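I'll jot things down as I look them up.

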Amino acid sequence: MTRSAHGDSAAFTHLVKDHSSALHGYFARRMPAASEDLLAETWLQAFAARRTFDPARGSARGWLFGVAHNVLAQYLRRAGRQEPAPGPDVTDPWQVVDQRLDAAAMAPALRRALAELPPEERELLLLISWEQLTPSEAAAVVGIPAGTARSRLHRARGRLRDRLTMPRPAGRNLTAMGDLA
């Protein structure tokens, strides 16, 4: 990112190759119908703002997800919509979440539980679990202090844990927390 900011156009090409898949997944899980357009807009805005990247404030990946978050927020404002919640038509291409579920039947419960979280808690949780950002990077993406992000993340995880604990016949509890724990 730093090389790109100083005029090395090949360096930006490498960023696009390295991060497009993850950014596309971010949009596909939130706004599947608009994911391609949102990704294109993210790269346009990232290229235009590449000189504002400060490596002291975090990684290029975190910065790019911040740009993507802002692009999504702009899109939703223009469309007069609220923050998107993962819907039943959104699929996770990584399959990691579903593999950690004890039963496929828990996926709808997870989507409902995520939809019930306050939008900022949900976004933090998804940035960390799906997009694999650190809590500090996720905090920067949504524009809050890292300590605030950690406390909101803790609350979000607790709420999900409470909603997703299901009794098992043998008396043990089943949870679907996986990466969310």
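**Notes on a few helices**

Helices here are DSSP runs of H or I, at least four residues, numbered from the N terminus.

Before going on, I noted that this is a predicted model, where local features need pLDDT of at least 70, side-chain atom pairs count only at pLDDT 80 or more, and totals for chains, interfaces and linings use all residues. Residues are numbered from 1 along each chain as its sequence is written, and side-chain values use heavy atoms, with hydrogens and water left out.

Next came H8, residues 135–142, where I listed Glu137, Ala138, Ala139, Val141 and Val142 as buried. Their cover includes H4 (60–79), H7 and H9. Just after H8, I saw that Gly143 has a positive phi of about 80°.

How do the axes of H7 and H9 cross? I found that H7 (residues 119–129) and H9 (residues 146–164) have axes that come within 9 Å and cross at roughly 90°. That makes H7 roughly perpendicular to H9, a label for angles of 65 to 115 degrees. In the contact (heavy atoms within 4.5 Å), H7 brings residues including Leu124 and Ile128, and H9 brings residues including Leu153 and Arg157. I noted seven nonpolar, no polar and six charged residues there.

Conventions: Axes fitted to C-alpha atoms, helices over the stretch in contact; angles between N-to-C directions. Helix = DSSP H or I, 4+ residues; strand = E, 2+ residues; numbered from the N terminus. Parallel < 35°, antiparallel > 145°, perpendicular 65-115°, else oblique. Nonpolar A, V, L, I, M, F, W, Y, C, P; charged D, E, K, R; others polar. Buried < 20%, exposed > 50% of the residue type's maximum accessible area, 1.4 Å probe, protein only.
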